[in-house]
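Please read the following note beside the sequence and the model. It is arranged as numbered points for a reader new to such structures.

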Amino acid sequence: MSEDVQLSKICMDFGSFRAVNNVDVTIKPGEFFSFLGPSGCGKTTILRLISGFMEPTEGSVKIGGKDMKGIRPNARPTALIFQNLALFPLMPVWENITFGLEVRGVPKAQRRAKAEELLQLVDLHDSADKRISQLSGGQKQRVAIARALAVEPKVMLLDEPLSALDLKLRQHMRAELRAIQKRTGVTFIYITHDQGEALAMSDRVGVMSQGILQQVATPQEIYNNPVNGFVASFVGENNVFVGTVKGKSGDIATFETAKGQFNARLGANVSVGDTTKLFVRPEFCTLQKTASKSANSIAVEVTEIAFEGNFVNVFVRDESGDTHMVQVQNDPSIPTPALHSKAHMIFDPQSCMILSEATDTRSGH
Amino acid sequence: MQELLRRYGISLSVIMVAMTAFWLLALVVIPNLVLFKFSFRLYLPVDQLGGPNDVYTLKNYATFFESPIHINVFFSTILYSSFVTAICLAITYPLAYILAKVLKSTDTATFFLVLLVPLWVSEILRSFAWFIILSMQGPLNAVLLGIGIIDKPIRWITGFQSVIVGLVYAYILFMLFPIYNAISALDTNQIEASEDLGASMWRTHWRVIIPHSKPGIASGCVMVFMLCAGSVIVPTTLASTNSRWFTEIIQQWMFEGLDWNTGSAYAFLLLALCIIFVSLVMRILNVRLVDIAK
Amino acid sequence: MTSTTFSKIVIRVYLGLFVAYMLLPLIIMGGAGLNNSRFPSVYPWVGFTDRWFIDLWTDERMWGAVRNTTWVALAVVAISVPIGTAAAILLNSVKPRARSFLYGFMVAPILTPGAVIGISTLLFWNTFHVPAGLYLSVMGQVSFVAAYVMLLVLARLQTFDPGLEEAALDLGASHGQVVRRILVPHLYPAIGAGAIIAFFQSVENFNVTLFTRGNSDTLTVYVGSKIRSGITPTINAFALVLIIFTVICAIIYEILRRRAERRAAELAATAAAAELM
């Protein structure tokens, strides 16, 4: 039902511009894998390389162990869901869904039955004869998924298909997509710039920047143990301190900054003497009246309080004028700090990391 | 070309390229090159073809430049074609503006529906209609006599006046449609913004609407001028001996003189005139060919 | 009287004068076909007659011209529509520089006087010993009619999402299937309009046909020669028939257009309703 996708040392050049640089990853059969990155990071190019609309400059794409070189998109066991869905406006819903079967010469009655079956699967009843223009955004989404599933692909490729939906529908469709993937067992490769989507749906996430795959890991691992500053700052919020690594004992290092000395975990590729950055998530920070002895602490003044519903963002300013954020759960029983009150921002050495910048970009090119 | 192959595959690409090549080469480019070549050869009896007299020469063009009458006709054609173009522009610009921005869209649709009829009636009938109106015993003289403005019929079909009337009538819609299209593509908010900022109606037209509709104006001017200068049927119907048109001289060479070589030299002069006019309009109005032909 | 009502009146008068200017000559010309006067005129009105129509009906030469014109027009449609469509698709998938280069050559025939097209076509085919005749008229007309078709199809292609082609390819369609099922259905309106315009352009054409026709008659050449050699009101009768035919076509066209517009509006409304659900 599903196959693995093996990308071996893939590079893709457009003229002198290297859009994808040495990407090497194997996506397991039946996995929900997301490529996450800002626009222009090369993630859409990777999708087009897998689907066959482009051939890599270097490296190989293997699906189910079979090299895809020279195999045209219509002969690959993949189905692509386009960012704008690319539904055929002149065909009714059912013809859209079974277009892939029509071009393979499947008889009409059989196609019609298949369309009904797939419409059930994507939870869209009584829509077979509707026109595409009569559907809402979410319904179009489902038709696009059904159309891709109709050709029984081993691998589904999804190019930010939810980006056109409004927030509420987007969140609903996340769960729906995940459920359809589990039901069909097909390998899903999902492209997005929305970290929320990637973290919520994926088995594993590959974070990309400037054509380079920065980190491949489970969503928890990506969030809690980012390998470098790019991953840390692209996925989730951070308070950042610039400084120099002074010494280390075990996996904890001392970090000298203009605002004092902090202890933190030392990330990969960082060694004593390096000048780099320390990252700490706002939800791992707390505000206390007094400075802490064991944990890192910095004297601040509360400057702004933003109530977000389930949590509260407290913005604080340190003595050198930099702003930091502390995120606390919304709990009516605990009073929120008063505006302009003095406090100490505390964070544990285990919950902050000293990280290098992103993996060197476009080296050797 | 790569994109074509990628999108449509090898066999369809070959078919499409072949059809386009047939059109552009066999129907457009090479015939004009042949015309150009012919214009430098002499009109000779069959037995002299390939003989010592069958050489490339400028003689056919010399025929034109040594004939004051032909030069005169050529420049009259340019002059009166330009005049007709100007009249058409003056009449249709306000009309196009009214249709595009003042009238309700349903009224505009009805108006254009009415205009479909004169548009689809061929130019030969359009000029014939004016032949009837302007003839000695025609309705125009009858009406003028009836009102008492004149006391004996006027010969209208003489000189260039009747040709001008016929040309304006035959080709004015080719000016109206492109200008209308250009103005209706202009965001009405821009007109309102200009007025809101205190511009007078004239100034709004001069600074906002006319600059925006330049491509349409250029397109209309080029079409009308070309159709006028190249018109055969309107001068045939409405001109008289004292108002000859350049196409009539070309016809004379082709059909009466049977001298296709001199005929093609004259045809080439007409083509050159149109090319110069198109480039002139593009230069003056600062538009591209893509804007003109739409 | 306020200035707005004044300008409203000016506008109405202007529009009215223009419509009268465009229509009156045609009415006068058509009306003369019904007047029992030897010279084609509506004034003085001698009396109603159908004799000019009978003359026209019994004119063998006219019927020959009708047959020729129909034949030429259908041939022009059959050749120029595929060529114009192929050229537009080609133009739409080449690099910008090649695009503007080719575009220049493609629109050139529209900006070329018909006499020049006619003579160059005549000379070109003569070098292959093809004599003047209706075949050459077809070739000459196709050279500029294909440009109109190309422009119409090209405009329609601007609204086409090439992603649809990729989606179809991705679903396993061959290139032929992509063109037949996805691209051409999208282009149908433009191809249909192109065919109609090609037909009318061909029927109306005088200049190109005059120089290429040889001894054959088409309707415009027939009318042209009638005008030169002694005018009788049969031409007016012919004009009246043509005008009525045009009016009927215009009405049918308008009804179809309004129906299509209404359907589009209904679809948009249901789509908006679906969005709210």
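The points below treat the basis of the model, then chain B, then chain A.

1. The model is predicted: local features need pLDDT of at least 70, side-chain atom pairs count only at pLDDT 80 or more, and totals for chains, interfaces and linings use all residues. Residues are numbered from 1 along each chain as its sequence is written, while chains are lettered from A and ligands numbered from 1 in the order in which they are written.

2. Chain B contains 14 helices and zero strands; helices (H or I, at least four residues) and strands (E, at least two) are DSSP runs, numbered from the N terminus.

3. The C-alpha trace of chain B spans about 75 × 75 × 30 Å along its principal axes. Of the 294 residues of chain B, 44% are buried, that is, 20 or more other C-beta atoms, placed from the backbone, lie within 10 Å of the residue's own.

4. In chain A, 23 residues are in contact with 22 residues of chain C; contact requires C-beta atoms, placed from the backbone, within 7 Å. On the side of chain A that touches chain C, strand E6 (78-81), helix H3 (99-102) and helix H5 (137-150) of chain A each supply at least two residues.

5. Chain A is divided into domain 1 (5-229) and domain 2 (238-355), with bounds from an automatic or database domain assignment. The centres of these domains of chain A, taken over C-alpha atoms, are separated by 39 Å. Domain 1 of chain A gives four residues to the contact, and domain 2 of chain A gives five residues.

Definitions and conventions
Buried ≥ 20, exposed ≤ 12 C-beta atoms within 10 Å, placed from the backbone. Contact = placed C-beta atoms within 7 Å.
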